[in-house]
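Welcome! Please take a moment to look over the sequence and the model, and then let us walk through some of the details together.

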Amino acid sequence: MAKSDFDFVSIQLKPEKDLPLYVQLYQQLADLIRAGKIVENYRLPAIRKLAQSLEVNPGTVVNAYKELEKNGFIYSKLGSGSYVAKQEQLSESFNLPLGVTEVDDNQADYLDLTTVSLSPDLVSVKDFQTAIDQVLKTAGSYAFSAQESQGYYPLRQALCSELAKSSIYTAPQNVQIISGAQQGIDIIARTLLKHGDTVLVENPTYPGALAAFRACGAKIIDVKMTADGMDIEEAETKIRLYRPKLIYTMPNVQNPTGITYSKAKKRKLLGLARHYGAYILEDDSLSGLYYQTENTKPIKTYDQDERVIYILSLSKLFMPGLRLGYLLVPTELLARVRTIKHLADIATSGLIQRVYDYYLRNGLWSKHLTSLKKSYQQRFEYCQQLLEKQLGKQVSYQLPQGGLTFWLKLPVNVSAKMVAQKAKKQGVLVTPGQVFYARQADDSHLRISFAGVDEQQAKEALTILGQIIKAE
């Protein structure tokens, strides 16, 4: 247990390392917390005091503390300082802050089955150039002006029209433009949660959401997934017992499993939220890549009393580098959400909002989505055939109904972490399943993505992966 600044003074930061100083400090403080050397509710040194002790700029400590809070290691009390949060067996995947990876000069040489970012070669540069030109021709320099924090009003109108096609009826005042889904999750967490509140999540689930909830000091309760969605009986028991303020779910093409909820389970989960007074945060970012003949509906389509907060990231389906998305916010939460969005980054890029508005109003979005879905469905079907050929007798999985990934169950006594390490040595990157669990990380699953590889690369990567699993 840290009773003095000894453990902090012993931290060594090396400017010549590939990682920034704030990331080095983040890692070492996180290690001390994991090891139990700094216990729950221990007050960390003041920013200036620690900066002086380590001979670094106070900004380095500020950024390290922000990342610790974002990833659930600490929580802050206004006017009091930063304190160590209760640890729920954080997985090793959070050794680095979200979005920060170890520097690897040869990363481009790997066959990457980890990324779920849109392949740049599937974007029509010509269409994007047309949109940019038209926006600049129409708006001139005003295209670069700051937008109101809630978002460009014509875009919010266009989104309402687009959502109506999916039987989601809302008004522009309930639409909040955001800089990607991760920001949206963080905004809702900060809007609804305080230290000690409970959040119900799927198990496994998206690790970025777990980090956002932990950063607010929330207690995370997980519910196992079944073939058609969350185990509703377990969910009801835990909702009744823990009374969560928020239920986080991805009912259409869930990450990482690819599972899509049945209509009955969507309605049942909404009924439970209504009965027990919880909000549902519905993350629907991959429903645009649903490959079945009949599209599945979001839970939001059944929402009659503003119980569902709907979030959709456009980055995965548009261009990953253009951070854009939106929230559909219940009226009673609007003021708080606007305030937190303004504090986060004031406003999302006005130029990008205008460009996307042009896409929606001029048919380019529908054209882009149709082309994208066709290309990825071909990759999906090809990878499914490869899985059967290269790994069919070695792994099991539930065939997803859409999306960009497969969730593979490895044979008994085969470690996903070990397979991932050996695959990397042979030039293939895969994601071990541990990163998707809130606690008691599972070491028997791998998530593989075909988003960033062509057919030849997929064949080569899965052949190598099959050989490694067979040898294990």
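## Cysteines

Cys160 counts as buried, because its relative accessibility is 10% and the limit for buried is under 20%. Cys383 is buried as well, with a relative accessibility of 7%. This is a predicted model, and how many disulfides does the structure hold? The number is zero.

## A cavity and its lining

Rolling a probe the size of a water molecule over the atoms shows where empty space is left. One cavity of 30 Å³ or more is counted here, and the space in this largest cavity is about 40 Å³. Which residues line the largest cavity? They are Leu113, Cys383, Phe406, Ile448, Ser449, Phe450, Val453, Ala458 and Leu462.

Two elements, strand 15 (445–449) and helix 15 (455–471), each give at least two residues to that lining. By type, the lining of the largest cavity has eight nonpolar residues, one polar residue and no charged ones. Helix 15 also holds Gln457, which is partly exposed at a relative accessible area of 30%. Gln457 and Tyr110 are 347 residues apart in sequence, yet their C-alpha atoms are 9.9 Å apart in space.

## The second largest pocket

Now for a space that is open. The second largest pocket holds about 750 Å³ of space. It is lined by 31 residues, and those closest to its centre are Glu162, Ser166, Gly288, Asn295 and Leu369. Helix 6 (153–164), strand 10, helix 12 (350–361) and helix 13 are the elements that give two or more residues to this lining.

Which element gives the largest share of the lining of the second largest pocket? Helix 13 does, with five residues. Sorted by type, the lining of this pocket comes to 15 nonpolar, 11 polar and five charged residues.

## Aromatic pairs

A pair of aromatic rings is described by the distance of the centres and the angle of the planes. The structure holds 16 aromatic pairs. In one of them, the ring centres of Phe213 and Tyr248 are 5.8 Å apart and the planes meet at 70°, so this pair is edge-to-face; the limit for that label is over 60 degrees. Phe213 sits in helix 8 (residues 207–215) and Tyr248 in strand 8 (residues 246–249), so the pair ties together parts that are 35 residues apart in sequence. Are these two residues buried or exposed? Both Phe213 and Tyr248 are buried.

Phe318 and Trp365 make another edge-to-face pair, with 5.7 Å from centre to centre and 85° between the planes. This pair links distant parts of the chain, 47 residues apart: Phe318 belongs to the loop between strand 10 (308–313) and strand 11 (325–328), while Trp365 belongs to helix 13 (residues 364–391). Phe318 and Trp365 are both buried.

## A ring cluster and charges over rings

Some rings join up into a group. Ring pairs connect Tyr291, Tyr376, Phe380, Tyr397, Phe406 and Phe450 in a cluster.

Lys77 has its charged end over the ring of Tyr83, 4.9 Å from the ring centre. Over the face of Tyr279 lies Arg307, at 5.3 Å from the centre of the ring.

## Backbone details

Most residues other than glycine have a negative phi, and most peptide bonds are trans. Where does this chain have cis peptide bonds? One joins Asn203 and Pro204, with omega of about 10°, and another joins Asn255 and Pro256, with omega of about 20°. Pro204 is in the loop between strand 5 (198–203) and helix 8, and Pro256 is in the loop between strand 8 and helix 10 (263–276).

Positive phi values are worth a look as well. Glu55 is not a glycine, but its phi is positive, at about 60°. This residue lies in the loop between helix 3 (47–54) and helix 4 (58–70), and Glu55 is exposed, with a relative accessible area of 73%. Ile346, also not a glycine, has a positive phi of about 65°, and its place is in the loop between helix 11 (334–345) and helix 12.

Definitions and conventions
Residues are numbered from 1 along each chain as its sequence is written. This is a predicted model: local features need pLDDT of at least 70, side-chain atom pairs count only at pLDDT 80 or more; totals for chains, interfaces and linings use all residues. Side-chain values use heavy atoms; hydrogens and water are left out. Rings of Phe, Tyr and Trp (its six-membered ring) pair if their centres lie within 6.5 Å; planes under 30 degrees apart count as stacked, over 60 as edge-to-face and the rest as tilted. Helices (H or I, at least four residues) and strands (E, at least two) are DSSP runs, numbered from the N terminus. Buried means under 20% relative accessible area, exposed over 50%, partly exposed in between (1.4 Å probe, protein chains only). A charge sits over a ring if NZ of Lys or CZ of Arg is within 6 Å of the ring centre and within 35 degrees of the ring normal. On a 1 Å grid over the protein atoms alone, a cavity is a set of points where a 1.4 Å probe fits but cannot get out, and a pocket is an open set with protein on both sides within 12 Å along at least five of seven lines; lining residues have an atom within 4 Å of a point. Grid points are joined across faces, edges and corners, and a volume is the space filled by probe spheres set on the points. Ala, Val, Leu, Ile, Met, Phe, Trp, Tyr, Cys and Pro count as nonpolar, Asp, Glu, Lys and Arg as charged, and the others, Gly among them, as polar. A disulfide is a pair of cysteine sulfur atoms within 2.5 Å.
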